[in-house]
Amino acid sequence: MVEALEQARAAMDVQAWDVTCRLLVAVDSRGGLAEPEDLQRLALSACLTGRDEVADAGWERAYHAFLDRGEVLPAVRCAFWLGLVLSTARDDEARGNGWFARAHRILGERAPRNCAERGYLLLPAALRDLDGGDPQGALRAFADAAAIGERFGDADLSTLGCLGQGQALIRTGETARGLAHLDEAMVTVGTGCASPIAVGIVYCAAIIACQQVLDLRRAQMWTADLESWCDAHPDLVPFRGQCLVHRSELARWRGDWDQAVIEIDRACRWLTGSSDPAAGMAHYQRGELHRLRGEDALAEASYEEAIAVGHDPHPGLALLWLAQGRTEAAATAMRCAVQASSPDLPGVVSELRAPRPRVLLLDTYVEVMLAAGDVAAARAACVELDGVADVVRTGAVRSMAARARGAVAVDEGRYAPALQALGDARAGWMQLSAPWELARTRILLARALRALGDDETAALEEAAAERVFQATGAARELEGSTAQPAPGPATRLTSRELDVIRLVAAGHTNRAIAERLVISDKTVARHLHNAFTKLGLPNRAAVTAYAYEHHLVHGDVHRTV
């Protein structure tokens, strides 16, 4: 037993966590674990290898063993780590808060006034402030914790405090300062001074913060670093699933959808049966890839899996409904999603722990509102997107805002401003090496160019976009890109307005069109009114004649559009 215990301690020193845990569990089963340091090793190794119940019991036993020996400060640390893991990784806030309260009580009763542990207990309150809409309060608490960590030479505390300051600053709109703090935290992580739990927390939180402001460069770099760290420790469990999800998301951004599918399939297998919040992220990401490739049934199944574990399925599911012609359902879903994510401060990302940044919701909202004929709502979302871009100032957000502005201008027939906005978006996506987003922008740009009579340049933009659609397997987008309306006033129509006038030309009533498109009669009437106005036509007979004259009616009008 003594030999096995020494082997476990040696394995812990070289971060062989699975070996450590197995040896310590075996020794403990024979009654051999009594020292609180060994119970601490058991808790940490079990936590890092996904043995949650063993970890929880280990922290609790170590806490009591330290107190029995009269050592308050290490007992406080055990209570802190158990509370943090329960409240963040397990979503068990009640038990987590209970352990934080216990740590506060014994710290107040039996510990010296100046100690690093008082800094650790600032972190739970700072996190509550961050999640509760008080980023300034969180910033002060994180700064105090980091200062205490620096004073006592505690790498975990100073690094977590620095990370928290970065998150809080981003929340208040000071993106550049916030990212600088994240950079500093990542430097400390790279030195190997921090504990493995702190390292994993910093990696994941920093990557999520980058994705919330769409800083794709940092997200790509830090995801690669996290991947290397996970690969160097093959028995690591808590952070690997989230790493695979991040890798898939970034592969999708750079247009490597085959690799994105490989990564997300690995993530879903890894997270099967897990309580890790990354499970919902994984199913949503898998749904996105199926949706983009036109695999509707598989996409729906993945979104349902995401919902089952409490993950928001929008905007992806709303976009799927839009592609299926369920415009009203998509519009209702996006109105609810945008309203629910209303920011704490105008133009500032409101929730770092939200499943998706608000800018992605707004980007989809513009697309869906234009399809639903609610141009005023789309225009209002563009104003907010521009405000976010002015605050966040990352290339992806600026490009997204410019594209949304251009899409609204195209819909309104303001083609010169549309060209300027879409040109800015195209340049931004090119600089970020985001081919899918670039291709979507090119299609809008082509519509504006055709409306202005520049068919040849429009054809070049469409051809460049279609190469991306073919390379990624985006069948639906490829089909849509080759079905642009003929030059002339029809280029001002939205895709849904075109659907309506094609069905009108085929002889369908408003009620029949509503049933075919799964929208309300009122929405059909609004689309038809918009089409009349844009085309300068007085009635259904005139729009029918126009549709046939301009070859807008195809042989597929008798199937569901």
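Buried means under 20% relative accessible area, exposed means over 50%, and partly exposed lies in between (1.4 Å probe, protein chains only). This is a predicted model, in which local features need pLDDT of at least 70 and side-chain atom pairs count only at pLDDT 80 or more, while totals for chains, interfaces and linings use all residues. Residues are numbered from 1 along each chain as its sequence is written, and side-chain values use heavy atoms, with hydrogens and water left out.

**Overall chain**

- The secondary structure of the protein chain comes to 30 helices and zero strands; helices (H or I, at least four residues) and strands (E, at least two) are DSSP runs numbered from the N terminus.
- The C-alpha trace spans about 90 × 40 × 40 Å along its principal axes.
- Of the 561 residues in the protein chain, 55% are buried.
- Among contacts in the protein chain with a separation of 6 or more, 60% are between residues 24 or more positions apart; contact means heavy atoms within 4.5 Å.

- Val366 touches Ala378, Ala381, Cys382, Leu385, Ala404 and Val408, leaving aside its neighbours within four places in sequence.

**Cavity**

- The count comes to one cavity of 30 Å³ or more.
- A cavity is a set of points, on a 1 Å grid over the protein atoms alone, where a 1.4 Å probe fits but cannot get out, and its lining residues have an atom within 4 Å of a point.
- Grid points are joined across faces, edges and corners, and the volume is the space filled by probe spheres set on the points.
- The largest cavity holds about 30 Å³ of space.
- Its lining consists of Glu227, Cys230, Asp231, Arg240, Cys243, Leu244, Arg247 and Arg266.
- Helix H13 (216-232) and helix H14 (240-253) are the elements that give two or more residues to this lining, and H14 gives the most, with four residues.
- By class, the lining of the largest cavity has three nonpolar, no polar and five charged residues; Ala, Val, Leu, Ile, Met, Phe, Trp, Tyr, Cys and Pro count as nonpolar, Asp, Glu, Lys and Arg as charged, and the others, Gly among them, as polar.

**Cysteines**

- The structure holds zero disulfides, a disulfide being a pair of cysteine sulfur atoms within 2.5 Å.
- Cys210 is in no disulfide, and the nearest cysteine sulfur, that of Cys204, is 12 Å away.
- Cys210 is buried, at 0% relative accessibility.
- The sulfur of Cys243 has its closest cysteine sulfur in Cys230, at 4.5 Å, which is too far for a bond.
- Cys243 is also buried, with a relative accessible area of 2%.

**Backbone geometry**

- The peptide bond from His314 to Pro315 is cis, with omega near 15°.
- Pro315 is found in the loop between helix H17 (296-308) and helix H18 (316-323).
- Leu214 is a residue other than glycine with a positive phi, near 55°.
- Leu214 sits in the loop between helix H12 (196-212) and H13, and is buried, with a relative accessible area of 4%.
- Ser433, likewise not a glycine, has a positive phi near 55°.
- Ser433 is placed in the loop between helix H23 (415-431) and helix H24 (435-451), and is exposed, with a relative accessible area of 52%.

**Two further residues**

- Trp436 lies in helix H24 and counts as buried, at 5% relative accessibility.
- The C-alpha atoms of Trp436 and Ala465 are separated by 8.2 Å, the two residues being 29 residues apart along the chain.
- Gly316 is in helix H18 and is buried, with a relative accessible area of 0%.
- Leaving aside its neighbours within four places in sequence, Gly316 is in contact with Tyr284, Glu288, Arg291 and Tyr303.
- Gly316 and Cys268 are 48 residues apart in sequence and 18 Å apart in space, C-alpha to C-alpha.

Conventions. 1 Å grid on protein atoms, 1.4 Å probe; cavity = no way out; pocket = protein on both sides within 12 Å on 5 of 7 lines; lining within 4 Å.
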